[in-house]
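Here are my notes for you, point by point. Have the sequence and the picture open while you read.

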Amino acid sequence: MWLNTTSSPFLLTGFPGMEKAHHWISVPLLVVYISILLGNVTLVFLIRNDHNLHEPMYYFLAMLATTDLGVTLTTMPTVLGVLWLNHREIAHGACFAQAYFIHTLSIVESGVLLAMAYDRFIAIHNPLRYTSILTNARVIKIGIGVLTRAGLSIMPIIIRLHWFPYCRSHVLSHAFCLHQDVIKLACADITFNRLYPVVVVFAMVLLDFFIIFFSYILILKTVMGIASVEERAKALNTCVSHICCILVFYVTVVGLTFIHRFGKHAPQVVHITMSYVHFLFPPFMNPVIYSIKTKQIQIGINRLFSLSQTRA
């Protein structure tokens with residue numbers, strides 16, 4: 001019997017076969033979620049309130065931290081709801097909205113990493129004109145452009161989800177909604193929804209990566225032209241944090257892609273775990289990387305703790 005799309009909500013899934021351990025599994029996930037929130041909120045707070053960090057590089061970092069917060073706040077409620085309360089039902093509208101924000105923010109993250117690469121290129125290739133090229137107005141325009149590109153590119157496939165009838169099982173394979181999970185349940189022609197995301201990935205995420213890669217070739221060429229060894233090291237050191245964030249993001253993307261493409265016979269728990277790694281590892285690591293590798297951030301954190309201790 002076909003189920004009616006309006007009367008039957010989707011059912012989220014935690015870790016199949018491990019339902020008795022859901023409460024225990026939720027503990028490390030909760031720790032990771034809290035760490036992500038604390039780390040990224042601290043970064044945004046520092047950049048907003050510390051005038052020494054009012055530079056384009058740190059504005060882009062604030063965009064990255066805000067994006068990571070968005071991903072976390074979008075997935076956390078349903079994940080913890082499933083693991084803690086076994087609350088699996090989610091209405092179609094809420095599910096589609098969650099999928100929209102998850103996929104949009106993933107493309108935003110790629111775009112912000114690209115903007116950060118452009119920032120590093122200008123800072124090293126043309127340092128004397130750095131602040132005149134990357135003005136506050138231009139940084140805002142870049143941020144709006146990144147957000148608009150992501151939001152508009154994902155919208156067509158999410159809108160179509162509202163039109164599909166869902167007559168198969170309403171059980172999703174994760175504790176949050178993903179477009180690729182939802183379309184498997186649709187009883188309609190989903191050719192567009194299968195092909196369009198591939199085009200988006202190639203046209204945006206992969207293109208972003210190749211532009212970032214090319215920008216670092218130009219950065220390396222510029223650095224090699226610097227006579228002083230110390231100045232070379234100093235210039236490259238400003239890029240280390242960004243390179244680490246790029247690797248964290250794209251390695252998890254590639255890992256998730258390989259698991260979905262070549263791990264069809266792998267247990268479902270492996271697929272689910274890799275999804276959590278993809279959505280949680282970059283937001284967790286980005287604040288750690290910048291806190292360890294960026295001196296100005298370290299100084300800001302020390303100043304923040306000094307102020308809190310003084311007030312206490």
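1. Is Thr 72 buried or exposed? Thr 72 is buried, since its relative accessible area is 0%. (Buried means under 20% relative accessible area, exposed over 50%, and partly exposed in between, with a 1.4 Å probe and protein chains only.) You'll find Thr 72 in helix α2, residues 56-85. Setting aside neighbours within four places in sequence, Thr 72 is in contact with Tyr 33, Ile 36, Leu 37, Pro 77 and Pro 283; contact means heavy atoms within 4.5 Å.

2. A word on what you're looking at. This is a predicted model, where local features need pLDDT of at least 70 and side-chain atom pairs count only at pLDDT 80 or more, while totals for chains, interfaces and linings use all residues. Residues are numbered from 1 along each chain as its sequence is written, and side-chain values use heavy atoms, with hydrogens and water left out.

3. Now the layout. The protein has ten helices and two strands, and from the N terminus the order is β-α-α-β-α-α-α-α-α-α-α-α. (These are DSSP runs numbered from the N terminus: helices are H or I with at least four residues, strands are E with at least two.)

4. On overall form, the C-alpha trace spans about 75 × 50 × 35 Å along its principal axes. Of the 312 residues, 46% count as buried. Among contacts between residues at least 6 apart in sequence, 78% join residues at least 24 apart.

5. Next, salt bridges: a side-chain nitrogen of Lys or Arg within 4 Å of a carboxyl oxygen of Asp or Glu. Side chains of opposite charge can pair when their charged atoms come close. By this rule the protein has three salt bridges.

6. One of them joins Asp 50 and Arg 303, with the closest N and O atoms 2.6 Å apart. Asp 50 sits in the loop between α1 (22-49) and α2, and Arg 303 in helix α10 (residues 295-311), so this pair ties together parts 253 residues apart in sequence. Asp 50 counts as buried at 10% relative accessibility, whereas Arg 303 is partly exposed at 36%.

7. Asp 208 and Arg 149 also meet in a salt bridge, at 2.8 Å from N to O. Because Asp 208 lies in helix α7 (residues 191-224) and Arg 149 in helix α5 (residues 136-161), the pair ties together parts that are 59 residues apart in sequence. Asp 208 is buried at 2%; Arg 149 is partly exposed at 26%.

8. Finally, look at Arg 120 and Asp 119, whose side chains form a salt bridge at 2.9 Å, N to O. Both of these residues are buried.
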